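Student: Hey, I'm new to this one. Can you walk me through it?

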Amino acid sequence: MENYDVIIIGAGISGLALGFELKKAGLKFKILEKAAAGGKLAVTQEAGYVLDWAANGFLGVPDSLQLVEELGLGDQLEPTDPEAKKRYLYRHGVLEPLPTSPPSFLKSPLLLPSEKLRAAAEFFISPAKEDLSVFATLQRRFGKAFAERFAQIFVSGISAGDAKVLSFQALFPRLREIEETKGSLLKGMIAQAKLSKAAKDPRLGRLQSFKGGMATLSSRLAEVLDQDLAVYEAVQSIEADADGYMLYTPKQTYHAKKLALTTPAFVSAGLLKDILPQTALLHDIPYVDVQVFGLAYHRIDVPHALDGFGFLVPPEEGLSLLGVLFSSSTFPSQSPPHTALLRIITGGSLNPDFAKQSPDEALKQVKTDLKKTLGIHAEPLWQKAIFIDKAIPQYQLGHRQLISQVLHEGAKKQLYLGGNAFLGVAVNDCIRDAKRLSRALGAKIAS
């Protein structure tokens, strides 16, 4: 039997980042993972193309940039191309640039003058007291037309969910904090923009990835944690004892004073059902399936300028596409010269059956939709389809209250839960949450 201060179950980005923090703190720990390390932060590299399965980048924030530097990956960072700033909305057969500043908002044809005036009144709307959906929040603050135009695409690009169902305060906690502290989202966002411009580190506030895709981060973490990581070792059962917990796998028996689970919510609920009854609530967190496609073309065969990040598609357009990223424009190293690499996301809450189609059927529809949106008639030089089952947790109304109860009761029993089902679905959120967990675990061990 092996004894540890902490055992972490799950070696996705959350578990790996937590392990790295515990290593710095000098704790004796082990990470157990039933599959390969890295979780959904995976990548396909073929014929010079780089296709991320899940996150395609992260916004430069101090916690994540610090981790990158500590791992020695600073020279592998690739910020977005400065020319790829535009984001488009496909509406009524046209790709319209999304407004990214007050002047562009005033010029945008996406809203009528009266609707823009109503949106500007957001400065004077008091913060909401209750938990509202993303759609309801934007409608309350910016008006119905604004919410109808932007709420769903705002959500689709992050969680592939339904804006009328997902909780604003849970999915966008930083925006909710801005609303509460500044009294206005616009005031807070203007203040943040000024801070970003004044920042000495040009990486802050800027989207970036790695030259080999986002899996570079998880791969490097797994390499550093090699001696502390046991892959393809599934935890079959957990038992509490006087000094902590016994864990049983097909290969080994482990003992730990504390446990941290960074597995999907339903997996954590199954493992802890006899130890922490409150984890039954985690079954109330739904997940959506998505299908990711990578299609590459001769650049000359794509009529659009691809002068931006990509475009989003609202559900009323009736297409299979949630969003299309211009990967070769955003991160030029991810595609050979004179080619255009597109990364397409489909499925999600509002089109759940699409992701369950065969790759051939789905790919046929995607190509049809690319003809409509980008005018592409040529066959791709390269293509790849990836189905991701239970890809993204959905933060429905009441999510914060649900997880608060589970996390509070878990801490009483020295059980700590994290991962993208709790306090944020993005890579930055998972890295930030790993620091929260490491502080909690370190303080408890030290005491």
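This is a predicted model: local features need pLDDT of at least 70, side-chain atom pairs count only at pLDDT 80 or more; totals for chains, interfaces and linings use all residues.

Student: Which residues are buried in helix α4?

Tutor: Glu115, Lys116 and Ala119 are buried in α4, residues 113–120. Buried means under 20% relative accessible area, exposed over 50%, partly exposed in between (1.4 Å probe, protein chains only). Helices are DSSP runs (H or I, at least four residues) and strands too (E, at least two), numbered from the N terminus.

Student: Why do they line one face of the helix?

Tutor: Down the axis of α4, the buried residues fall within an arc of 100°, so they line one face. That arc is taken from the directions from the helix axis to the C-beta atoms.

Student: And what does the face turned away from the buried side carry?

Tutor: Exposed residues there are Pro113, Ser114 and Leu117.

Student: New topic: how are the rings of Tyr49 and Trp382 arranged?

Tutor: They're stacked, 5.0 Å centre to centre with 20° between the planes. Rings of Phe, Tyr and Trp (its six-membered ring) pair if their centres lie within 6.5 Å; planes under 30 degrees apart count as stacked, over 60 as edge-to-face and the rest as tilted.

Student: Are those two buried or exposed?

Tutor: Tyr49 and Trp382 are both buried. Tyr49 is in strand β4 and Trp382 in strand β18, so the pair ties together parts 333 residues apart in sequence.

Conventions
Residues are numbered from 1 along each chain as its sequence is written. Side-chain values use heavy atoms; hydrogens and water are left out.
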